[in-house]
Amino acid sequence: MAPTFTPRVFSGIQPSGGLTLGNYLGAIKRFVAMQDEGGAETLYCMVDLHAITVWQDPATLRRNTRELAAFYIAAGIDPERSILFNQSRVPEHAQLAWIFNCVARMGWMGRMTQWKDKAGKNSENASLGLFAYPALMAADILVYHATHVPVGEDQKQHLELTRDIAIKFNNDFGVEFFPVTEPVIGGPAMRVMSLRDGTKKMSKSDPSDQSRINLSDDADTIAKKIRKAKTDPEPLPESPEGLKDRPEARNLVEIYAGLADTDVASVIAEHGGRNFGEFKPKLADLAVEKLAPMSAKMRELIADPDEIDRILGRGAERAREIATPILEQTYDIVGMIR
Ligand code: TYM
């Protein structure tokens, strides 16, 4: 009989600076909801080992890691109820990743769209870590036997690979040891798009700062960026189907729905027929109302980096209590003498 796994939630964010509204709606906000729902242990991580797959200045990496921790807490992650830590402090992630490097196939990695996007034409010059990135991600999840992983749409392919690795490991060794993890991708704003081009993902690496809302933006900047966001000349449609082929309009409606904790249909029911001159100020007010208190709280927390380090240290200890026995059993399965 297949084993049953205790429900456990894991997710991570790279501390590579520049958190955006996409990170908030696609990830952090939902991490908080899953923590608050209860019913499953929740582990949230700053994946610093992933961040260094591309160059990071050491002092900046440290600052960004603390800032991300502060943002998690400001957004509602309670380090008592959730386990909050940075990846490198739990060495079992990297240890299991090595085993998975030997399970995963080169071809699987080469097919990852994130690898193709990030390495581009110059793949010979990309780090080996960037290529192996998804095996470390699988290790992050499976070293806790996590069953549920909330992420934005762009991580879907990596989670499929995590499932493939779990299945292949189980088959290769004739065990039912690793769970086949469920991605949790649901709700309106799973793919927040650029404010300048509704067909491109909102991203910290976009050269135009106008394309994104940074979680560190002040109220005026947020309002200005939304006012200037690209739209088409039509008013909002009277039904959700009318958003088809209108990527910029759809994006603003989805952002509204995500921030207001509702769905696209309800936003259209309330605002359908309005032109953007009316809708944008409402969206800007909502964004400022939701984001400003968080960034204020974040700034307050970051003023005490020792306290943040203490929280992360405690989180890493708790994480290791779960990860150590799972890694030991993995070593036994593979045939390592301990
Ligand atoms: P990262 O750091 O790029 O992004 C963190 C989370 O934010 C989501 N996200 C978005 N969601 C909606 N719209 C957007 N425009 C947008 N931009 C970012 C991402 O989907 C993600 O959920 N590989 C991961 C980090 C990672 C991880 C893991 C995640 C490492 N190990 C284990 C889950 C489980 C990454 O680079 O996310």
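Helix H4 (92-103), helix H5 (106-110) and H7 each contribute at least two residues to the lining of the second largest pocket. Helices (H or I, at least four residues) and strands (E, at least two) are DSSP runs, numbered from the N terminus. The model is predicted, and local features require pLDDT of at least 70, side-chain atom pairs count only at pLDDT 80 or more, and totals for chains, interfaces and linings use all residues. Residues are numbered from 1 along each chain as its sequence is written, and side-chain values use heavy atoms, with hydrogens and water left out.

The second largest pocket has a volume of about 400 Å³. On a 1 Å grid over the protein atoms alone, a pocket is an open set of points with protein on both sides within 12 Å along at least five of seven lines, whereas a cavity is a set of points where a 1.4 Å probe fits but cannot get out; lining residues have an atom within 4 Å of a point. Grid points are joined across faces, edges and corners, and a volume is the space filled by probe spheres set on the points. The second largest pocket is lined by 18 residues, and those nearest its centre are Asn101, Leu128, Gly129, Ala132 and Tyr133. H7 provides the largest share of this lining, with 6 residues. By class, the lining of the second largest pocket comprises 13 nonpolar, 4 polar and 1 charged residues, where Ala, Val, Leu, Ile, Met, Phe, Trp, Tyr, Cys and Pro count as nonpolar, Asp, Glu, Lys and Arg as charged, and the others, Gly among them, as polar.

The largest pocket holds about 1,100 Å³ of space. Its lining consists of 41 residues, of which Asn23, Gln114, Asp154, Gln155 and Lys201 are the closest to the centre. At least two lining residues come from each of strand S1 (8-13), helix H1 (21-37), helix H6 (113-119), helix H7 (128-142) and strand S4 (148-150). H1 accounts for the largest share of the lining of the largest pocket, with 5 residues. The lining of the largest pocket divides into 16 nonpolar, 17 polar and 8 charged residues.

The largest cavity has a volume of about 50 Å³, and its lining is formed by Met112, Gln114, Trp115, Lys118, Leu130, Phe131, Tyr133, Pro134 and His158. H6 and H7 are the elements that give two or more residues to this lining, and H7 gives the most, with 4 residues. The lining of the largest cavity contains 6 nonpolar, 2 polar and 1 charged residues. The second largest cavity holds about 30 Å³ and is lined by Met112, Thr113, Gln114, Asp154, Gln157 and His158. The elements that supply two or more residues to the lining of the second largest cavity are H6 and helix H8 (156-173). By class, this lining has 1 nonpolar, 4 polar and 1 charged residues.

The ligand is surrounded by 26 residues, and the closest are Gln14, Tyr133, Asp140, Asp154 and Val192; a residue is near a molecule if one of its heavy atoms lies within 4 Å of it. Polar contacts are pairs of N or O atoms within 3.5 Å; within protein, one atom must be able to donate a hydrogen and the other to accept it, and residues adjacent in sequence count only if both atoms are side-chain atoms. A nitrogen atom of the ligand lies 3.0 Å from an N or O atom in the side chain of Gln155. Polar backbone atoms are also involved: that of Val192 is 2.8 Å from a nitrogen atom of the ligand, and that of Met202 is 3.1 Å from a nitrogen atom of the ligand.

Two threonine residues were considered individually. Thr20 is located in the loop between S1 and H1 and is buried at 3% relative accessibility. Buried denotes under 20% relative accessible area, exposed over 50%, and partly exposed in between (1.4 Å probe, protein chains only). A polar atom of the Thr20 side chain lies 3.1 Å from the backbone nitrogen of Gly22. Thr221, in helix H9 (residues 219-228), is partly exposed, with a relative accessible area of 27%. The side chain of Thr221 makes a polar contact of 2.5 Å with the side chain of Asp218.
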